[in-house]
2 protein chains.
Amino acid sequence: MIAEVIFSGTELLLGQILNINGQYIQQTLASMGIDSYHQLTVGDNRDRCAQAIRQAAARADLIFVGGGLGPTEDDVSREALSEALQIPLVQDETALNIVRRIYLARGITMPEVNMKQALIPVGGKALDNRVGVAPGIVLEHQGKIFFLLPGPPFEFNCMLDEQVVPYLKSRFPEEMGIIYSRVLKLCGIGESFLAQSLGDLFKSSYPTVFTCVKGSYIDLSITAKAEDELRARRDIAAMENILRQRIGQYIFGADRDTLPGVIGRELARRGKSVAVVEEECSGGLLTHMLSVDPFSARVFAGGVVLSKTPGLKGLSEGLSRPQGTTEAKAAEQLARAIRRLTGSGIGIAVLGPSQQEALVNNKNMMTVGIDLGHEILVKESLLWDNKSEVARRGAETALVRLWQVLQEIG
Amino acid sequence: MIAEVIFSGTELLLGQILNINGQYIQQTLASMGIDSYHQLTVGDNRDRCAQAIRQAAARADLIFVGGGLGPTEDDVSREALSEALQIPLVQDETALNIVRRIYLARGITMPEVNMKQALIPVGGKALDNRVGVAPGIVLEHQGKIFFLLPGPPFEFNCMLDEQVVPYLKSRFPEEMGIIYSRVLKLCGIGESFLAQSLGDLFKSSYPTVFTCVKGSYIDLSITAKAEDELRARRDIAAMENILRQRIGQYIFGADRDTLPGVIGRELARRGKSVAVVEEECSGGLLTHMLSVDPFSARVFAGGVVLSKTPGLKGLSEGLSRPQGTTEAKAAEQLARAIRRLTGSGIGIAVLGPSQQEALVNNKNMMTVGIDLGHEILVKESLLWDNKSEVARRGAETALVRLWQVLQEIG
């Protein structure tokens with residue numbers, strides 16, 4: 001079964017918005033074993049959207065249109081589907097009730113403009129929207145299934161998970177779920193060296209192996225398409241073994257593992273907590289990564305972000321950057337200070353340039369200090385040239401360093 | 001002049017990666033007045049990529065291919081361009097020097113797999129890559145221009161800014177830059193009420209007006225395509241006046257303004273600094289937003305993120321969540337504590353559920369306390385249903401509240 005996804009939105013073609021729905025729906029389709037060869041974005045233009053729907057219907061079985069279901073004049077997906085298939089739109093009671101519901105719940109009169117959102121092509125059905133105003137649409141026509149989904153990401157995701165996936169699973173119980181995959185998560189190695197180490201394995205046609213760089217991490221996917229789940233899982237496991245023999249020291253987890261989560265579980269196992277002090281380099285992003293992940297949150301003892309602005313008093317004497325010393329000494333003192341202040345097993349300090357300093361003053365050296373209690377390890381790293389992402393790189397570098405230290409001390 | 005952008009990457013169609021390059025290139029094209037009607041993603045498949053290049057060349061003047069220039073077997077863009085145009089690939093000295101350079105600088109021998117990255121179609125030219133290994137390619141052929149750019153976002157952006165834009169500007173000095181636009185930034189209003197207030201204006205064909213929801217914010221764009229810059233700017237300003245009369249109280253800025261930046265400038269004007277204390281709800285994201293923006297960084301006095309894990313000591317007596325009291329009282333006390341501890345003009349406390357608590361225990365109420373020194377304002381807000389984005393929503397809600405409070409106190 002082949003799917004094709006179309007997004008409708010001039011804001012996408014003007015680059016005013018990042019298309020995060022694109023990733024979510026492709027992930028969902030892949031996990032159901034539905035192939036996808038094209039994803040297209042068109043503007044808020046009825047004719048071009050209709051033409052895209054016709055082209056997709058000629059080469060795919062499932063056609064998705066994301067966006068263009070809002071109440072404004074530039075929302076054209078319903079009209080484009082109607083034009084592409086030559087099926088008129090009519091007002092639908094179910095759709096109208098969905099549109100009205102959120103206003104009723106808030107005790108507000110529904111604006112007149114929302115009436116348009118209750119239009120559905122003849123033969124189609126409204127899809128409920130639990131978290132927003134716009135109903136979705138599903139229409140089966142000449143052996144193809146068309147889905148129209150609202151553009152706001154949370155509504156798009158909810159409708160996909162709660163309406164579209166169950167619809168497809170009950171409509172095609174035999175055909176779904178025959179792609180199996182496992183993703184190994186790597187850090188501390190570059191893509192070229194990975195290609196060098198694994199070159200021949202990338203040519204494998206079953207299971208397939210491919211890489212995807214994600215900031216400071218690399219995803220290494222092993223994918224098997226098979227009728228037989230047991231066989232697919234066995235063949236994936238065999239490939240994983242080969243990969244682990246060659247580059248095992250860089251693998252920190254698999255599938256849905258995150259580096260903060262892996263670190264959180266390792267620390268929990270050792271009965272240690274961690275506290276963080278950061279400068280405006282990573283600017284709270286390391287603290288955020290550790291506090292938001294449910295595993296690392298359990299061992300997260302607290303985080304402090306220091307200001308670099310002169311004249312501001314700061315948090316306390318023990319938690320300001322020491323003056324007149326090296327970066328390494330400062331990182332060491334701050335890591336010790338935050339560990340003691342919070343009574344944590346581990347204190348980590350991240351010092352470095354803010355994005356502004358990296359851009360304007362060409363600073364690119366960051367320092368990570370890790371106080372383990374019995375010893376303090378300090379390491380300097382280059383932020384490379386990626387100055388627009390100083391905070392993310394800084395926080396990720398600190399996480400990778402913390403993971404490496406935990407591996408080293410065993 | 002019409003452009004069409006193609007991305008090559010199975011990882012995009014499997015949803016393993018978010019296509020942030022898509023936004024960047026569309027923004028760049030729009031700012032140069034280059035129209036764009038389609039953006040297509042295909043997998044690492046030479047034939048489908050070649051077919052996409054042919055289709056794009058039939059309806060556009062500039063054809064961009066992003067991704068597929070890496071050293072691995074699944075990188076097929078060069079080969080697809082060669083196949084689409086029936087032009088053979090040859091090894092290029094300039095390209096080879098670009099590939100070698102980064103290894104020379106690091107004192108490492110270039111892996112053999114990278115040789116492939118020095119191939120260029122006959123008649124094409126290598127584009128320098130200042131921040132990575134893969135050279136880009138530009139090829140002029142039968143009145144069309146083809147650009148191949150590397151997939152990693154920072155390399156993609158750099159090459160676009162430093163190679164492609166100057167190339168196009170010098171190649172077509174007359175045609176670039178005839179779209180003018182201004183984006184008004186709104187918060188504290190929903191899209192439907194905006195549509196209700198502005199409905200007739202969305203029908204305007206010159207200048208055009210459209211909205212784009214961005215999390216807790218809405219972008220309201222006014223766009224004019226004109227030969228004459230003065231006229232375009234005057235007509236945009238006239239439309240902006242009408243919009244400000246109707247919904248002025250929700251507009252916090254324009255164009256590249258961010259809410260942290262606007263708040264930072266307002267606080268600097270008043271000579272006030274701000275300090276933050278957060279629970280795992282926003283989990284450091286408010287601190288991060290304020291510390292990373294260059295304007296708010298100047299008034300940012302520090303941030304603290306409290307742990308919710310029982311048994312961990314926390315930072316100090318004055319900075320732990322008060323027990324046995326209401327959320328409102330706790331927010332009040334924490335806002336006061338962080339303001340006093342840092343000697344700041346304003347202290348802000350954000351309390352609420354972690355994403356885990358929102359998901360598992362169905363908690364959705366957050367509380368923002370703002371201590372202005374002479375008074376403390378506390379407001380509770382619903383996190384709506386968006387449980388997968390508790391941290392972002394929480395931090396944005398706190399920012400919006402801080403901006404509203406600054407407007408109210410004048």
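Tutor: Two strands are said to pair if DSSP finds at least two bridges between them. Strands (E, at least two residues) and helices (H or I, at least four) are DSSP runs, numbered from the N terminus. The model is a predicted one, in which local features need pLDDT of at least 70 and side-chain atom pairs count only at pLDDT 80 or more, while totals for chains, interfaces and linings use all residues. Side-chain values use heavy atoms without hydrogens and water, residues are numbered from 1 along each chain as its sequence is written, and chains are lettered from A and ligands numbered from 1 in the order in which they are written.

Student: How do you know that strand 2 of chain A pairs with strand 2 of chain B?

Tutor: The two strands, with residues 35-42 in chain B, are joined by 5 bridges and run antiparallel. The criterion asks for at least two bridges, so they count as paired. One of the bridges places B:Gln39 as the partner of A:Thr41.

Student: What makes strand 1 and strand 2 of chain A partners?

Tutor: Strand 1 (residues 2-8) is linked to strand 2 by 6 bridges, in the parallel sense. A:Ile6 stands opposite A:Leu40 there. In chain B, strand 1 and strand 2 are likewise parallel over 6 bridges, with B:Ala3 facing B:Ser36.

Student: Which strands stand at the edges, and why are they called so?

Tutor: The open sheet has 12 strands in the order 6(A)-7(A)-8(A)-3(A)-1(A)-2(A)-2(B)-1(B)-3(B)-8(B)-7(B)-6(B), with mixed pairing. Strand 6 (125-127) of chain A and strand 6 (125-127) of chain B each have a single partner strand, so one side of each lacks a neighbour in the sheet. The twist averages 20° from one strand to the next; axes are lines fitted to C-alpha atoms, for helices over the stretch in contact, and angles run from 0 to 180 degrees between N-to-C directions.

Student: What is the direction of helix 6 of chain B relative to strand 8?

Tutor: Helix 6 (residues 153-171) runs at about 165° to strand 8 of chain B, and lies across strands 1, 3, 6, 7 and 8 of that chain.

Student: What makes the sheet 10-11-9-12 of chain A antiparallel?

Tutor: Its 4 strands form an open sheet with antiparallel pairing. Strand 10 (208-214) and strand 12 (251-254) are its edges, each pairing on one side only. Within the sheet, strand 9 (residues 179-187) and strand 11 (residues 217-225) run antiparallel and share 9 bridges, A:Ser181 being opposite A:Thr223. Helix 8 (residues 229-247) packs on this sheet, touching strands 9, 10, 11 and 12, and makes about 15° with strand 9. Contact means heavy atoms within 4.5 Å.

Student: Why is helix 10 of chain B called largely enclosed?

Tutor: A residue is buried under 20% relative accessible area, exposed over 50%, and partly exposed in between (1.4 Å probe, protein chains only). In helix 10 (residues 285-292), 7 of the 8 residues are buried, so the rest of the structure largely encloses the helix. Among them are B:Leu286, B:His288 and B:Met289.

Student: How do you know that strand 2 of chain A is mostly covered?

Tutor: By that cut-off, 7 of its 8 residues are buried. For the 410 residues of chain A, the buried share is 58%.
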